[in-house]
Every structure is written in structure tokens, then in C-alpha cells.
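Visitor: Please walk me through how this model is put together. Show it first.

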Amino acid sequence: MGIWDHAVMGFMSVFSGPEAFSILGVGISITLIMILTGFLMGITVGATPGLAGPMAMAIALPILISIFGFSQDAFLPVMGFLIGIMKGATLGGSVPAILFNTPGTPDAYMTTLDGYPMAQKGQAKKALKVAHLSSVSGDTFSDVVLVLCAPFLAVLVESYLDLPEKAALLILSLAFIAAVIGGSVGKGLISMGLGLLAAMIATGEDFYPRLTMGSPALAEGFPIATAILGVLILGEVFKSIEDMIRSGIQSAPRPAATVAGDRLSFAEIRRLAPHIARSSVIGTIIGALPGIGSTLAATLGYAFARARYDNKRSASDPRFGEGAPEGIAATEAANSAVSGANLIPVLSLGIPGNAAAVFLILGMESIGGFNPGPAVFRVPSDGFNPELIMAFGLFTAMFLTNGLNWTIGGVFMRAVGVMARVPKEVLLPVVLLLTLTAIYVQENTMAAMWIAVGFGVLGYIMRRVGMSPLPFVIAFILGGKLEETARQAFAATGGDAFFLFTHPIAAAFMVMSLAVIVFNLRKPSP
Amino acid sequence: MKTLIKAAAAAALLTASATTASFADGHGWKPEGPIKMIIAFAAGGGADTSGRLIADEVTAATGWDIIPEQITGKGGINALLALKDMPADGTSIALVVTESLGYNAVAAEGAGITPGGFTGLTTTAGFQMGVVAKADKGWATFADMIAAAKAGEDLSFGVMSPKLADLAYLLGEANGVEFNIVSVRGGKAVMNGVTAGDLDVGFMAGIQGKGVASGDLVNLASALSEPLKQTPEAPKMSDLGVEFSADGYFVFVAPAGLPDDARKALTDALSTAANTGKAGGMIEKAFGGTTIITGDDLDALLQSDYDSSGALMKAAE
């Protein structure tokens with residue numbers, strides 16, 4: 001059987017699985033129901049400040065396994081549900097970023113830069129529509145690339161990147177984010193350094209936790225979700241409370257329900273299209289690289305779009321950071337385009353590129369029958385390869401979810417625009433409560449509350465001194481990985497202390513890291 | 001045929017332990033309140049899933065409430081430190097590996113963890129630890145790899161614990177080569193590294209099963225004192241000139257001083273559950289079947305692991 005037969009069987013397997021119920025004699029397979037449920041859960045979770053897709057996937061996976069078991073029949077319903085959450089949350093994640101200035105994940109941070117100013121100007125609905133259009137376009141594009149390139153792309157990438165190259169690539173990502181975000185290279189580097197410092201606590205290879213000053217609450221290090229939500233959301237809440245105290249609750253301008261210019265015209269879509277296309281490509285490329293993640297994609301997409309936009313901007317258009325729809329489009333297309341391409345290393349090598357992919361792999365492993373690796377894409381000369389059929393089943397589930405994102409997602413994004421009218425004095429306590437609850441649910445300790453508040457204060461101070469919290473968050477996430485990869489690269493090269501410079505590709509990445517910092521230092525700040 | 005024998009053995013064990021369980025119920029020990037089950041492994045992984053499924057089966061069989069909680073890091077030392085100070089009344093147990101109470105306890109000198117500080121309940125499954133390489137490396141046997149190393153190829157060897165790093169070192173020394181030993185976090189990371197080509201070879205404790213079956217990976221050697229079930233022809237550590245092995249098990253422990261009736265009831269409930277329903281099926285699939293060691297045998301195993309760790313450290317110095 002050829003590849004096409006496998007594709008058809010994979011497609012059919014989604015529709016013909018075990019029946020959930022039947023309408024007029026036509027059976028609706030359980031897989032379809034699970035995809036829809038997962039999607040609805042994902043978009044809700046994404047749109048709730050303080051919650052994010054990976055967390056929902058982590059909670060859902062054990063429950064799904066206990067319902068469906070781990071036989072081969074469970075594969076598509078469980079994976080469909082997880083993919084539904086992943087994609088729904090990718091779209092929904094832009095909602096709190098635009099409406100409340102509180103991104104639930106680091107990659108939505110760049111969306112706040114233009115999304116929130118637009119919402120304040122009364123263009124919340126337009127901002128949400130731009131986010132919807134670009135997010136789903138980026139995601140769909142990325143999925144197409146996945147289906148076409150998955151078998152060989154990851155293997156190709158991995159054959160060029162060994163441990164020293166991976167360590168250098170992480171350094172390049174950090175250098176880029178520190179230099180480009182927030183206007184000032186110095187502040188970006190300080191923010192990044194603080195993030196690396198926080199990531200050092202209680203990690204490492206030794207049998208005793210380092211830098212904890214003997215505190216048992218820190219023995220496992222700062223819990224990652226707690227630190228990120230503290231800096232990104234609590235920091236913003238604290239800052240807003242201070243603003244309200246200074247300027248009084250009443251004087252805070254409430255955005256008008258609808259103002260002129262809250263529509264998205266076809267001409268505007270045409271103007272956004274090149275930004276969406278460029279960011280989709282960037283996101284897809286970053287997604288195919290191992291372990292870098294969607295935040296770098298969002299940052300790159302945004303930075304490239306800003307450079308293009310500043311050249312062509314007419315005097316009446318808002319700058320990036322003041323409510324330009326192009327900023328949202330560039331960010332959302334890029335971070336969403338990561339999610340499909342991220343499955344390239346997942347399916348062909350079984351290596352996760354981001355947190356969501358980790359849970360997809362865990363799902364595949366717990367269920368069995370599907371062993372991510374090069375064997376998945378082997379087309380046998382006779383008979384058929386069940387794993388290839390399952391892979392095509394997954395692709396079908398992904399495109400079905402994209403369909404849901406285009407349709408139900410659009411309705412959803414238009415509907416939540418109403419929330420922009422909620423006054424801040426009502427909203428902030430709700431966001432605070434939701435965030436703290438989300439942290440408590442994940443960590444189950446009071447210590448996590450204090451850590452979250454501590455990071456909130458840090459986020460507040462950073463905002464007060466005009467320092468972007470994003471380099472901090474990214475350095476905190478990638479810090480452990482960087483240390484680990486560097487340590488492993490050092491060991492794998494037989495203790496070569498200059499492993500970053502003796503391998504040509506790694507050395508090139510290091511030169512680029514230096515260049516990106518020097519180049520941004522010399523650039524006059526806007 | 002092999003699966004048939006395994007299934008039969010599992011069924012026999014199941015009936016045997018089911019009878020003991022109902023016997024234990026007759027004795028009437030009950031935990032006072034919910035049981036906290038500390039899991040020393042990352043959420044969602046194979047070990048974690050097995051622990052949670054066992055908890056479900058115990059609850060189904062006895063009605064006891066079990067609350068699983070993750071305390072990860074430092075090779076199980078963090079989990080054991082947390083368990084040590086909890087009440088020894090059967091309401092706190094932990095799922096770790098025998099290595100946590102052996103090599104890791106010895107290596108984490110200041111932590112004060114010894115087998116004497118805990119009550120062993122039951123093992124659930126053993127490691128099928130192999131020395132594994134990717135098939136497209138072209139090595140069919142361990143000797144092929146050694147030949148490649150002697151021909152001048154620099155080989156990186158992935159390990160997931162300090163004990164295994166020592167073993168990898170001794171393995172190289174005994175065969176006249178020096179590996180670049182790379183320690184990574186968890187067996188999954190070793191497999192990822194080997195699959196991606198970042199590592200040339202590594203220790204894997206059972207997760208290589210599917211890859212070996214599909215022909216993508218090769219078990220070059222058994223890191224155990226006995227041959228691997230999947231690749232019985234691969235040489236074991238003693239055949240390769242190393243007197244130590246990576247034998248190890250997943251094990252449930254409670255704090256020291258657990259009353260005998262509680263120990264017996266918990267041991268019976270957990271070991272029965274490990275062979276039952278979804279838990280049994282999952283362990284069969286992920287770890288090649290259950291291995292139950294309890295009571296005095298378990299005490300002796302934990303103590304000898306702890307005692308021999310010093311010798312291994314010394315040998316690798």
C-alpha cells in the first residue's frame with residue numbers, strides 16, 4: 001500500500017472510530033466528540049487569565065487515560081482531545097493579553113504590546129479579530145508544512161545540531177530576546193541575568209540543592225508556573241492597582257463600547273497579510289528547531305514586522321507598541337505557527353519542542369501502539385504501517401481543530417470582546433483571584449503563594465523602571481536547559497572548554513549572538 | 001510463547017496475592033485518614049502513571065483514600081527527605097527506586113538518608129537496563145562498539161544517575177576505552193539524545209523496548225546481573241569485566257517504625273494492585289511485568305544495595 005492509502009485510512013479512522021452516539025443513523029465517532037470537547041476546553045482555558053494550555057493538558061492526561069485506558073482504540077480520542085486543548089488554548093491565549101494586559105503564557109506577552117493599547121482605544125473587537133485571523137492562519141500554515149515535511153525535516157535538523165550547537169543556539173535565543181525587547185539592551189540583559197539567576201536555584205547535578213539558603217520550600221527550585229504567572233500577571237495587577245491609586249478609580253477612562261474603526265475591513269486584512277505570512281514562516285522554522293519554543297518565534301516575528309512597518313508607516317498610523325494591528329498579527333501568527341511545526345521533531349524523533357509537545361509525547365507513550373520515531377513514516381512494500389495511519393489520523397484531527405478554530409473560534413473571539421467593558425476595579429480582583437487559585441491548584445502549598453507574590457513584586461518593579469519582564473521569563477525557562485545542554489556538551493566533547501567555538505556551526509551562532517547585541521547597542525534608541 | 005508464560009505467571013501471582021489481600025482485610029487494619037502517596041518521578045511519565053494507577057486499584061479494592069503528590073528531584077532524595085518526617089502510621093508512603101535508598105543515599109552524605117530510616121513495603125517492577133545504541137550506528141554487538149572506540153572514534157555515553165556514570169566509567173575501563181560520559185535527566189532524555197544522534201550510546205531502563213522491537217535501537221549489553229528479557233544474547237555486566245550491576249526496582253516505602261499490621265496490610269494492598277487491572281496492564285507494557293519483593297527479602301535487598309554502593313564509588317574513583 002502506498003502513502004496515499006495510508007492517508008485515506010488515517011482520515012477515515014477519525015470518523016469511523018467507536019461510536020459515541022448516532023444522529024439519524026449516522027454514527028458520530030467518539031474521536032470527533034473528544035476533539036470538539038478538547039477544543040472548547042482549550043479555548044476557555046486559554047482565555048482565562050492565569051491558565052494555559054499545557055497545564056490543562058497535564059491535568060487532562062491522567063483522567064483521559066483512566067477513562068479510555070491505554071489500548072490502541074484510545075489513541076485518537078485521547079490525542080484528539082489533547083490537540084484540541086493545545087490549539088484552542090493557542091487561540092484563546094490572546095484574549096487576556098489583549099483585553100486585560102495579562103498574558104497567560106510568555107509567548108502572548110508581545111500581543112499585549114499592541115493589543116492592550118487597541119483595547120483601550122475602544123478597538124478590542126478589532127484586535128481580537130486580528131488575533132484570530134493571524135493565529136489561525138499561522139497555525140494552519142504550520143500544519144500544512146508539518147504534513148508535507150515531517151518525515152525528513154527533523155532528521156535533517158538533528159543531523160546538523162549536536163550538543164555544542166544546541167547550547168550555542170540557546171545562547172543566541174537569549175541574546176536576541178534580551179537585545180531586541182524593551183528598547184534598551186542594558187535593561188534587557190539585566191532582566192535576562194536575573195532570570196538565569198532564578199533558574200539556578202536548587203537545580204544542578206549535586207545531591208544538595210544549591211542557593212536555597214537552607215529553605216526547604218526552595219529545595220525543588222522555584223515552581224515554573226508560579227514564577228512566570230507572578231512576574232507576568234501579578235506584576236501587571238500590582239502596577240494597575242498603583243495606577244488606580246494614583247489617578248483615582250473614576251478617572252480611568254473606560255473604553256467606549258464600540259467606536260468607529262472597530263471593524264476589520266478587507267483592505268486592512270490585505271495590509272496585514274504580508275505580516276501574517278512572514279511570521280507564519282518564522283514561526284514554522286523556529287518550531288522545527290528543537291527546544292526553543294514559541295516565545296522566540298513571537299519575538300522574531302514582532303521584531304521583523306516592526307522594522308518593516310517603521311519603513312513604510314504613514315504619519316497617521318500608530319507606532320508599534322501604541323496599538324498597531326500589524327503588531328498583533330505578526331506576534332500571533334508567529335507563536336501559533338510554532339505549534340504545528342513543533343510536532344515535526346515530536347513525530348519523527350519523539351523529542352518535544354515545547355511544553356505542549358511534552359504532554360502529547362506522554363500521551364503517545366502511555367497509550368502505546370504509536371512509537372514516535374523514524375519508523376513512523378516508513379512505507380512498507382507490502383501490507384501497511386499502522387503507525388503511519390495513526391499519524392495521518394493525528395493530522396486529520398489537527399485540521400479538524402483548525403476548522404473549529406476558524407469557525408467556532410471566530411464566534412468566540414467576537415463574543416469575548418464584551419469583556420473589554422468590564423471596569424478595572426472589578427476585573428483586577430477577579431484576575432488576581434483566578435491567578436492565585438491557578439497557582440495553588442498546581443502547587444498545593446502556601447509557599448507557592450508567597451513565591452508568586454514575590455515574583456509579582458519583581459514584575460512590578462521591572463515595569464516601574466521600564467524593564468521588560470520577558471527576557472527574565474525566557475531566561476528562567478531556558479536557563480535550566482542551557483546549563484544542562486552546556487554541561488552535556490562539555491562532557492560529550494571530552495571536556496573541551498571551548499566547545500562553543502571549536503565547532504563551526506556553534507561558533508557561527510556565538511558570533512551572531514555578539515552581533516545582535518552590538519548592533520542593537522549602536523542603534524539609536526527610539 | 002514468552003508472553004503466554006508471563007501472562008500465566010502474572011495470573012498465578014494475581015490469584016496468590018488476591019487471597020492474601022482478602023486475608024489482610026480480615027485482619028482489619030485501616031489507615032486513619034487519607035494516605036499521602038509521594039511520587040518521586042515527573043508527572044505523567046511511566047513511573048508516575050504506574051504509581052497513580054496502583055493508587056486507583058488500591059482504592060477500588062480497599063476503599064482507602066489515596067492522594068498522590070509529586071516530590072521530585074535529586075534522584076529520589078527530595079521525596080525521601082519529605083517522607084522521613086511524616087507520621088509512621090500508614091498514612092504516608094512514597095514511590096522511589098531502590099537506587100534512591102542505595103547509591104543516592106550514600107552520595108547525598110549530608111541528607112541523612114539510610115535504609116534504616118524507612119520501612120520497605122514492596123517493589124513493583126524491575127529495570128530492564130540495557131546499554132543501547134541507535135541501529136544506524138552499525139554496531140550489532142558490544143564488541144563492535146568497543147572496536148569503533150579503539151579505532152579512534154570519540155564515544156559519548158548517556159547516563160541518568162551518578163551510579164550509572166560510575167558503571168559506564170568501569171565498563172570503559174574494563175574494555176580499554178574511555179567514554180565521554182554525559183549525565184542527563186531521566187531515561188527518556190538518554191533515549192532522546194541517542195535518537196537525535198547527540199549521544200552515541202546510553203543506559204536505558206526499559207523504555208528502549210519499542211525501539212529495539214522496531215529495529216531503530218539495539219541492546220548492545222545488559223547492565224544487569226542477568227540477561228535482558230528482550231535481548232537474552234547480549235552480554236551482561238559480569239561478562240564484560242564489571243563486577244557491579246544496575247539491578248534496581250521501583251519500590252514503595254514508608255517511614256521507619258511502621259507497625260507490623262500496617263506494613264502487612266499496605267504491602268498486600270500495593271502488591272496486589274500492581275498486578276491488577278489497568279495498573280497491571282500498564283506495568284506489563286512499560287516495564288515488562290511486575291516484580292514483587294516484600295518483607296525481609298526487601299529489607300535485605302535495600303541494605304545490601306546501600307552497603308555495596310561504597311564499593312562501587314571506590315572502584316570508580
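Guide: Domain bounds here come from an automatic or database domain assignment. The model is predicted: local features need pLDDT of at least 70, side-chain atom pairs count only at pLDDT 80 or more, and totals for chains, interfaces and linings use all residues. Residues are numbered from 1 along each chain as its sequence is written, with chains lettered from A and ligands numbered from 1 in the order in which they are written.

Visitor: How far apart do the C-alpha centres of domain 1 and domain 2 of chain B lie?

Guide: Domain 1 of chain B covers 2-127 + 248-316, and domain 2 covers 130-240. Their C-alpha centres are separated by 28 Å.

Visitor: Which element gives the most to the side of domain 1 of chain B that touches domain 2 of chain B?

Guide: Contact means C-beta atoms, placed from the backbone, within 7 Å. Domain 1 of chain B puts in 12 residues, domain 2 of chain B 9. Elements are DSSP runs, numbered from the N terminus: helices are H or I, at least four residues, and strands E, at least two. On the domain 1 side, α5 (103-107), α11 (277-287) and α12 (295-316) of chain B each give two or more residues. With 4 residues, the top contributor is α12(B).

Visitor: At what angle do α2 and α10 of chain B pack?

Guide: Axes are lines fitted to C-alpha atoms, for helices over the stretch in contact; angles run from 0 to 180 degrees between N-to-C directions. The axes of α2 (46-62) and α10 (260-274) of chain B are 8 Å apart. The angle is about 115°.

Conventions:
Contact = placed C-beta atoms within 7 Å.
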